[in-house]
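I'm opening my notebook to look up a few things in this structure. First the term I need, then the details.

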Amino acid sequence: RPHHTTSLSLLLLLALLAPVCPAKFDDPAMITYALGRGLYVALTNRANTTPLFNTRGPGFKITSTQFEPLPEGIEPETQQVLAAVGSALALTLGPAKYDSIVFAGFGEPTLRLGSLLEVCQGLKAGVAKDIPLRLSTNGLGNVLHGRDLIPELAASGIMGVTVALNTACPQQYSELMRPETAGGSLDAVCEFVRSCVSCGKLEVECTVVEHPEVDVSAVQVLAKSLGATCRMRTYHPAEQSAL
């Protein structure tokens with residue numbers, strides 16, 4: 001009986017410990033995915049605004065890749081991300097296939113600023129030293145962390161930043177993006193873009209989704225006034241697919 005009791009206790013202990021064991025990202029596709037000539041990297045599913053995927057409309061899907069959000073509640077560690085990028089490059093034609101590595105995914109990369117900077121530094125020191133690094137962001141990183149992140153982003157090896165501007169109207173920004181970060185506003189995003197541009201080391205573009213209620217022309221004018229280019233993204237109101 002003592003042996004039986006000990007065995008039962010051991011099983012219970014293992015059951016309690018199992019859920020907290022770190023997840024293994026054996027499939028690089030869980031962290032990386034390809035779109036065109038870009039290799040995209042997902043660091044998190046968490047977002048402090050409407051996720052940028054969702055701003056594309058209820059019918060938006062990515063069909064040209066095996067992209068799936070990261071497993072619920074799981075975020076890869078720095079070494080796992082570096083290994084995943086290395087595997088993705090090894091499984092293709094090599095670094096020459098990609099003209100950029102983009103930090104995007106379902107969530108907001110700057111929510112994991114430490115990991116983002118570490119991964120960038122590791123990539124530039126290793127397998128991706130000749131591939132430009134880009135960041136796709138909602139532009140609220142400065143108010144989120146309470147400081148100007150741009151010098152740190154540029155120093156880590158990031159060469160380009162894509163910022164979701166999405167509207168030129170402050171009230172509409174709040175309605176569309178629903179910022180959760182204190183101080184999150186269109187003005188904060190614009191200031192982030194200005195800081196990126198004034199850095200002088202980053203290629204900066206803003207994006208706007210062609211939402212039927214958004215004045216796209218006004219967004220283009222705003223982006224130009226900030227010193228950035230502007231790229232339009234399609235809106236998908238129904239069950240459609242897009243790259």
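Before I start, I note that a residue counts as buried when its relative accessible area is under 20%, and as exposed when that area is over 50%. I also keep in mind that this is a predicted model.

Entry one: Glu205. I found Glu205 in strand E6. Is Glu205 buried or exposed? Its relative accessible area comes to 14%, and the cut-off is under 20%, so I put Glu205 down as buried. Next I checked its side chain, and a polar contact of 2.8 Å joins it to the side chain of Thr162. I then skipped the neighbours within four places in sequence and listed what else Glu205 is in contact with; among them are Arg134, Val161, Val163, Ala228 and Arg231.

Entry two: the sheet. I traced an open sheet of seven strands, in the order E1-E2-E3-E4-E5-E6-E7, and its pairing is mixed. Which strands stand at the edges? They are E1 (32-35) and E7 (229-233), and each has a single partner strand, so one side of each has no neighbour in the sheet. From one strand to the next, the twist averages 25°.

I picked E3 (residues 100-104) and E4 (residues 133-137), which pair in the parallel sense over three bridges. Here I saw Ile101 standing opposite Leu133 in E4.

Entry four: helices on the sheet. I looked at helix H2 (residues 78-90), which lies across E1, E2 (38-42) and E3 and runs at about 155° to E2. Helix H8 (residues 216-226) lies across E6 (203-209) and E7, and runs at about 155° to E7.

Notes:
Residues numbered from 1 in each chain as written. Predicted model: local features only at pLDDT ≥ 70, side-chain atom pairs only at ≥ 80, totals over all residues. Heavy atoms only, no water. Pairing = 2+ DSSP bridges. Axes fitted to C-alpha atoms, helices over the stretch in contact; angles between N-to-C directions. Contact = heavy atoms within 4.5 Å. Buried < 20%, exposed > 50% of the residue type's maximum accessible area, 1.4 Å probe, protein only. Polar contact = N/O pair within 3.5 Å; in protein donor to acceptor, adjacent residues only side chain to side chain.
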